[in-house]
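Trainee: I would like to learn how to read a structure feature by feature. Could we take a few in turn?

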Amino acid sequence: LFGFAYAAMLPVIGEETLNLGPAAIGALAAVEGFGALVGAVLAAFIARPAHFNRIFVIGSVVYLAMIAAFSASTSVPISATALLIAGLGLAGFAAMQGAILLSSAPAHLRGRVMGVLMVCIGAAPIGVLQLGWLAEQLGAAQAVHFTALVGVAMLLACIWRFPQMLRVPKTNAG
């Protein structure tokens, strides 16, 4: 609800704030995807199950914080850097969300758990709708900035309330 919707406003911010044309806006949008690709490759080679939760949480916070940084920037290089780092965070979030659910759920509930994940993913248009309304009130960059910061605040509140989100699970090996 607070992160992915920014993509609907990226062209508006690119044109209104960064004074970019269509090709440059497309290139700017691709930078996030490149960061996500690099992050996914890194996750595939170095992520270990004991660190899945940390990668997920840190990736989520980094993603939202960098979307906030992007929306506050008036510089193309800073905006591109923020989106590159956002892509890295996105990879941590995206790669771990299914892995955590599948490794945590009992085998007989995995289908249901993945169904709940799909419902959550399917709620994304609600975030786009709220962001569009807010952009009408505040402007695109300010709306993205506000929603990304709300997302960061909500994640930090969850981490505060559920600190086990960042703990490395104890193993039975030792």
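Trainee: At roughly what angle do the axes of helix H1 and helix H3 cross?

Mentor: One thing before the answer: this is a predicted model. As for the general idea, two packed helices are described by the angle between their axes and the distance between the axes. Here helix H1 covers residues 6-16 and helix H3 covers residues 52-72. Their axes cross at roughly 20° and come within 12 Å. Angles under 35 degrees count as roughly parallel, and H1 and H3 are therefore roughly parallel to each other.

Trainee: Is the crossing of H1 and H3 left-handed or right-handed?

Mentor: The crossing of H1 and H3 is left-handed.

Trainee: Which residues in H1 and H3 meet?

Mentor: From H1 come Tyr6, Leu10 and Ile13, and they meet Tyr63, Ile67 and Phe70 in H3. Sorted by class, the residues of this contact of H1 with H3 are six nonpolar, no polar and no charged.

Trainee: Now another pair. How do the axes of helix H4 and helix H5 cross, and within what distance do they come?

Mentor: Read it with the two quantities used before. Helix H4 spans residues 76-104 and helix H5 spans residues 110-122. The axes come within 9 Å, and the crossing angle is roughly 155°. An angle over 145 degrees counts as roughly antiparallel, and H4 and H5 are therefore roughly antiparallel to each other. H4 passes H5 in a right-handed crossing. On the H4 side the contact is made by Gln97, Gly98, Leu101 and Leu102, and on the H5 side by Arg110, Val113, Met114, Leu117 and Ile121. By class, the contact of H4 with H5 has six nonpolar, two polar and one charged residues.

Trainee: Gln97 is in that list. Is Gln97 buried or exposed?

Mentor: Gln97 lies in helix H4. Its relative accessible area is 17%, and Gln97 is buried, since buried means under 20%. Not counting residues up to four places away in sequence, Gln97 touches Phe56, Leu117 and Ile121.

Trainee: Next, the rings. How many aromatic pairs does the structure hold?

Mentor: In general, a pair of aromatic rings is described by the distance of the centres and the angle of the planes. The structure holds five aromatic pairs. One of them is Phe4 with Tyr63: the ring centres are 5.5 Å apart and the planes stand at 50°, so the pair is tilted. Phe4 lies in the segment before H1 and Tyr63 in helix H3, so the pair ties together parts that are 59 residues apart in sequence.

Trainee: How accessible are Phe4 and Tyr63?

Mentor: Phe4 is partly exposed, at a relative accessible area of 44%. Tyr63 counts as buried, at 5% relative accessibility. Tyr63 also pairs with Tyr6, and that pair is edge-to-face, with 6.5 Å centre to centre and 70° between the planes. The pair links distant parts of the chain, 57 residues apart: Tyr6 is in helix H1 and Tyr63 in helix H3. Tyr6 counts as buried too, at 4% relative accessibility.

Trainee: Which residues form one aromatic cluster?

Mentor: The cluster is made of Phe4, Tyr6, Phe56, Tyr63, Phe70 and Phe93.

Trainee: What about the backbone? What is the phi of Asn19?

Mentor: The general idea is that most residues other than glycine have a negative phi. Asn19 is not a glycine, yet its phi is positive, about 55°. Asn19 is found in the loop between H1 and helix H2 (22-46). At 64% relative accessibility, Asn19 counts as exposed.

Key: Residues are numbered from 1 along each chain as its sequence is written. This is a predicted model: local features need pLDDT of at least 70, side-chain atom pairs count only at pLDDT 80 or more; totals for chains, interfaces and linings use all residues. Side-chain values use heavy atoms; hydrogens and water are left out. Axes are lines fitted to C-alpha atoms, for helices over the stretch in contact, and angles run from 0 to 180 degrees between N-to-C directions. Helices (H or I, at least four residues) and strands (E, at least two) are DSSP runs, numbered from the N terminus. Angles under 35 degrees count as roughly parallel, over 145 as roughly antiparallel, 65 to 115 as roughly perpendicular and the rest as oblique. A crossing is left-handed if the near helix is turned anticlockwise from the far one by less than a right angle, and right-handed if clockwise. Contact means heavy atoms within 4.5 Å. Ala, Val, Leu, Ile, Met, Phe, Trp, Tyr, Cys and Pro count as nonpolar, Asp, Glu, Lys and Arg as charged, and the others, Gly among them, as polar. Rings of Phe, Tyr and Trp (its six-membered ring) pair if their centres lie within 6.5 Å; planes under 30 degrees apart count as stacked, over 60 as edge-to-face and the rest as tilted. Buried means under 20% relative accessible area, exposed over 50%, partly exposed in between (1.4 Å probe, protein chains only).
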